[in-house]
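Dear colleague,

Please find below the structure that I am handing over to you, followed by an account of what was found in it.

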Amino acid sequence: TSTGDERPMGFKPMNCPGHYELYAQTRWSYKELPVRFSEPGLLHRNELSGTLHGLLRVRQFCQDDAHLFVTEDQLQDEITGCIEFAKATYKLFGFTEDDVTYELSTRPENRLGTDEQWDEAEDILRQALEANELPYVIGEGGGAFYGPKIDFHFTDSLKRSWQLGTVQIDYQAPERFDLTYTGADNADHRPIVL
């Protein structure tokens, strides 16, 4: 696309890479984690015309998105914090606990990472749901290619289910973007991304 000043432009389909690059700009200590970035970013996706639908499957939208860079010891508390934040936000719009269905979306067939990473991440999310006494269903194979997730599903007036928010564990991005923090042992460690 030409803007008149000959700068190349392109679609921004997600906020993730920008947050990873932002994290990588600073040398972090374990004492500074968790690091939390949030952005109500304007995103563009070149969806096929036949797939466009309602307010959720569009070509341009503003996504309130966050990435939390945490240590393994911080995972449970941060997942609980994400769940509580989502519940408080939905409550502002009149949704009640009865309106949400929680789904633990597990490993898809095509995925990154090892089976051990997936076992661990799925177990951590399961523990968070159970610790918060949230009833949930299993969404076999519904996880993202990089990690499992807790999906928040709501039903509209036509009884259609829509997935609104998610809490996802990502072990892959820190590896691919070479993200580190300095641990108590003064060595480099990989954060985990929520």
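T106 is buried, because its relative accessible area is 6%, under the 20% cut-off. In this predicted model, T106 belongs to the loop that runs between strand 3 (100-105) and helix 3. The side chain of T106 reaches the backbone nitrogen of G141, at a distance of 3.0 Å.

As to the overall layout, the protein chain contains four helices and nine strands. Their order along the sequence is α-β-β-α-β-α-β-β-β-α-β-β-β. The chain has 194 residues, of which 37% count as buried.

A search of the whole structure for cavities of 30 Å³ or more returned one. The volume of the largest cavity is about 40 Å³. Which residues line the largest cavity? The lining consists of Q117, W118, A121, Y146, G147, P148, I169, Y171 and Q172. By class, six of the lining residues are nonpolar and three are polar, while none is charged. Helix 3 (residues 115-131) contributes the most to this lining, with three residues.

One of the lining residues, A121, is located in helix 3. A121 counts as buried, since its relative accessibility is 0%. Between A121 and K149 there are 8.7 Å from C-alpha to C-alpha, although the two are 28 residues apart in sequence.

K149 leads on to the strands. K149 stands opposite Q168, a residue of strand 6. Strand 5 (residues 149-155) and strand 6 (residues 161-168) are paired in the antiparallel sense, and six bridges join them. The two strands form a hairpin, with five residues between strand 5 and strand 6. In the turn of this hairpin, K159 has a positive phi of about 65°.

I turn next to the aromatic residues. How many aromatic pairs does a search of the whole structure find? The search gives eleven.

F145 is partly exposed, because its relative accessible area of 48% falls between the limits of 20% and 50%. Y146 is also among the residues that line the largest cavity.

Finally, Y20, Y23, W28, F37, F69 and F177 form one aromatic cluster.

With kind regards

Key:
Residues numbered from 1 in each chain as written. Predicted model: local features only at pLDDT ≥ 70, side-chain atom pairs only at ≥ 80, totals over all residues. Heavy atoms only, no water. 1 Å grid on protein atoms, 1.4 Å probe; cavity = no way out; pocket = protein on both sides within 12 Å on 5 of 7 lines; lining within 4 Å. Points joined across faces, edges and corners; volume = space filled by probe spheres on them. Nonpolar A, V, L, I, M, F, W, Y, C, P; charged D, E, K, R; others polar. Pairing = 2+ DSSP bridges. Phe/Tyr/Trp six-rings, centres within 6.5 Å; stacked < 30°, edge-to-face > 60°. Buried < 20%, exposed > 50% of the residue type's maximum accessible area, 1.4 Å probe, protein only. Polar contact = N/O pair within 3.5 Å; in protein donor to acceptor, adjacent residues only side chain to side chain.
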